[in-house]
Amino acid sequence: MNILVVEDEVSLAKAIKQILEKRGWFADTVYNGNDALDYVSGFAYDLVILDVMLPGQDGFKVVEKMRKAGMNTPVLMLTARSEISDKVTGLTSGADDYMTKPFDPEELAARVIALTRRKGEITMDTLEYGDLKLDLTSAVLSRGEESVQLSKKEFELAKLFMQNPSNTLTKENIITKVWGYDSEATDNNAEAYISFLRKKLKFLKSNVGIKNIQKIGYRLEDNSRCANTDENS
């Protein structure tokens with residue numbers, strides 16, 4: 001399960017991320033409303049945990065714009081504001097649930113499970129694209145009977161691509177998602193790990209490749225589908 005945490009208190013955002021990841025979920029963190037909208041527009045999340053008082057755009061505006069854009073991702077508003085009027089505003093803006101700070105980690109986890117069940121999502125242990133399968137518990141990438149162990153960064157990169165197979169990812173996207181929002185990683189880091197992952201795909205003799213979209217970024221491409229399209233055209 002993939003969760004976006006939007007919280008301007010960096011220490012709290014990291015604490016929430018740790019709570020979620022201890023339960024085997026994946027979490028990204030951003031610290032303002034503008035970045036929140038960029039992330040939910042570009043990546044597939046199962047849940048957004050959203051603070052109300054944010055720089056850029058507040059949480060009410062973020063969830064309202066999400067709903068107007070047709071995004072039905074569940075939103076849990078997590079804030080120190082406990083007045084009934086604020087809860088009503090959050091829920092009428094499009095939030096699905098509301099928790100006030102301070103919160104109990106077990107209750108937060110229970111709310112997360114309840115909201116993703118309500119959406120009908122099933123937590124999967126694998127991702128699949130084309131002839132590839134990525135085991136999310138062991139970081140093993142496989143094609144049929146062939147398999148290869150990925151390093152941590154290779155795994156995060158493969159997971160990012162396979163979760164967003166129709167999206168072109170910029171180097172900035174990749175660095176932020178794989179190395180972190182506050183990372184000092186550069187374009188060279190992204191290029192190096194894309195090269196490493198390409199070598200693993202070649203080793204597996206996969207039909208899936210990482211295509212370079214000039215001056216934009218990278219995306220997955222299933223070459224077997226491309227071949228079938230050419231044959232039928």
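Author: A cavity is a set of points, on a 1 Å grid over the protein atoms alone, where a 1.4 Å probe fits but cannot get out. Its volume is the space filled by probe spheres set on the points, which are joined across faces, edges and corners. Here the largest cavity holds about 40 Å³, and the count of cavities of 30 Å³ or more is 1. The model is predicted: local features need pLDDT of at least 70, side-chain atom pairs count only at pLDDT 80 or more, and totals for chains, interfaces and linings use all residues. Residues are numbered from 1 along each chain as its sequence is written, and side-chain values use heavy atoms, without hydrogens and water.

Reader: Which residues line the largest cavity?

Author: Lining residues have an atom within 4 Å of a point. They are Leu 132, Leu 141, Ala 158, Met 162, Leu 197, Leu 201 and Leu 220. The lining has 7 nonpolar residues, no polar and no charged, where nonpolar covers Ala, Val, Leu, Ile, Met, Phe, Trp, Tyr, Cys and Pro, charged covers Asp, Glu, Lys and Arg, and polar the others, Gly among them.

Reader: How many aromatic pairs are there?

Author: A pair of aromatic rings is described by the distance of the centres and the angle of the planes. Rings of Phe, Tyr and Trp (its six-membered ring) pair if their centres lie within 6.5 Å; planes under 30 degrees apart are stacked, over 60 edge-to-face, the rest tilted. The count is 3 aromatic pairs. Phe 26 and Phe 155 form a tilted one, 6.3 Å centre to centre with 50° between the planes.

Terms used. 1 Å grid on protein atoms, 1.4 Å probe; cavity = no way out; pocket = protein on both sides within 12 Å on 5 of 7 lines; lining within 4 Å.
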